[in-house]
Amino acid sequence: LFRSLIETQGGSVDVFGAIHAVGLPLLLRPLKGLLGAYLSAPAPGVLVTTERPMSIQRFTAAHELGHFKRRHIWKRMGWMFAMSLGFFALLGWLATQPWFYFGLGATPSLVGSNDGLALVLFMLALPVFTFLFAPIGSWASRKHEFEADAYAAEQTSATDLVAALVKLYQDNAATLTPDPMYSAFYDSHPNAATRVAHLAQAGA
């Protein structure tokens with residue numbers, strides 16, 4: 001829709017008008033250390049800082065609109081729902097296994113229900129194993145950020161966000177070149193150098 005407007009009318013799309021057209025609330029606030037965010041609760045909306053030039057505000061708004069148009073929140077909710085079902089199924093099976101209790105230093109009841117004990121033990125043990133899923137979640141989150149950046153670059157100018165990203169990282173005293181292994185495991189957003197490189201390709 002917005003790409004067709006560029007082709008027929010020339011220039012760039014009115015991103016704020018596009019957000020209004022799809023029924024998303026737009027909040028403009030003087031944020032420190034944050035360009036913007038796509039809000040999913042209590043209702044979907046776009047938050048954009050007023051502490052940056054209008055060109056950067058437009059790109060930020062387009063980036064957050066990209067999260068909405070690419071249905072990133074729904075995809076994450078679907079993944080979390082599927083994971084939750086899997087964990088509940090695993091809990092139901094483990095609750096019937098004596099070794100699960102003894103292995104964690106607990107003694108199950110032989111005559112009564114062990115549901116409460118099983119739940120407590122499961123919640124205590126779960127973080128040890130879900131830690132291994134962290135890189136997958138981080139990779140998926142970074143993939144969504146690249147997709148939102150690409151969408152914004154189609155609607156506005158990638159050059160605007162490049163300048164904004166460097167300034168944001170400088171303001172937050174964040175390194176522009178973090179350790180690759182640490183970043184791959186923990187970072188939900190791409191590092192500045194990688195993100196700039198992708199934007200340069202999008203703007204080429």
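Biologist: Where in the chain is the place of valine 46?

Modeller: Valine 46 sits in strand 3, which covers residues 45-49. Helices (H or I, at least four residues) and strands (E, at least two) are DSSP runs, numbered from the N terminus. Bear in mind that this is a predicted model, where local features need pLDDT of at least 70 and side-chain atom pairs count only at pLDDT 80 or more, while totals for chains, interfaces and linings use all residues. Residues are numbered from 1 along each chain as its sequence is written, and side-chain values use heavy atoms, leaving out hydrogens and water.

Biologist: Does valine 46 count as buried or exposed?

Modeller: A residue is buried under 20% relative accessible area, exposed over 50% and partly exposed in between, using a 1.4 Å probe and protein chains only. Valine 46 counts as buried because its relative accessibility is 0%.

Biologist: And which residues does valine 46 touch?

Modeller: A contact means heavy atoms within 4.5 Å. Leaving aside residues up to four places away in sequence, valine 46 touches Ile19, Leu24, Pro25, Leu26, Leu27, Ala37, Tyr38, Ala61 and Glu64. Take leucine 27: along the chain, leucine 27 and valine 46 are 19 residues apart, yet their C-alpha atoms are separated by 6.1 Å.

Biologist: Let me try alanine 43. Where does alanine 43 lie?

Modeller: Alanine 43 is in the loop that runs between strand 2 (36-39) and strand 3. With a relative accessible area of 42%, alanine 43 is partly exposed.

Biologist: Can we zoom out? How many helices and strands are there in the protein?

Modeller: The protein has 10 helices and three strands. Going along the sequence, you read α-α-β-β-β-α-α-α-α-α-α-α-α. Of the 204 residues, 34% are buried. If you take contacts between residues at least 6 apart in sequence, 58% of them join residues at least 24 apart.

Biologist: What does the accessible surface of the protein come to?

Modeller: Such areas come from the Shrake-Rupley method with a 1.4 Å probe; for residues, only the protein chains shown count as cover. Here the total is about 12,000 Å², and carbon and sulfur atoms own 67% of it.

Biologist: Now the helices. How do I read a packed pair?

Modeller: Two packed helices are described by the angle between their axes and the distance between those axes. The axes are lines fitted to C-alpha atoms, for helices over the stretch in contact, and angles run from 0 to 180 degrees between N-to-C directions. Under 35 degrees is roughly parallel, over 145 roughly antiparallel, 65 to 115 roughly perpendicular, and the rest oblique.

Biologist: At what angle do helix 3 and helix 7 pack?

Modeller: Helix 3 (residues 54-69) packs against helix 7 at about 120 degrees, with the axes 7 Å apart. The two are therefore oblique to each other. On the helix 3 side you find Phe59, Ala62, His63, Leu65, Gly66, His67 and Lys69, which meet His144, Glu145, Ala148, Asp149, Tyr151, Ala152 and Ala153 in helix 7. By class, that contact has seven nonpolar, four polar and three charged residues. Nonpolar covers Ala, Val, Leu, Ile, Met, Phe, Trp, Tyr, Cys and Pro; charged covers Asp, Glu, Lys and Arg; the others, Gly among them, are polar.

Biologist: What about helix 4 and helix 7?

Modeller: Helix 4 and helix 7 (residues 134-155) pack at about 165 degrees, with their axes 11 Å apart, so they are roughly antiparallel to each other. His72, Lys75 and Arg76 of helix 4 make the contact with Ser141, His144, Glu145, Glu147 and Ala148 of helix 7. Its residues divide into one nonpolar, three polar and four charged.
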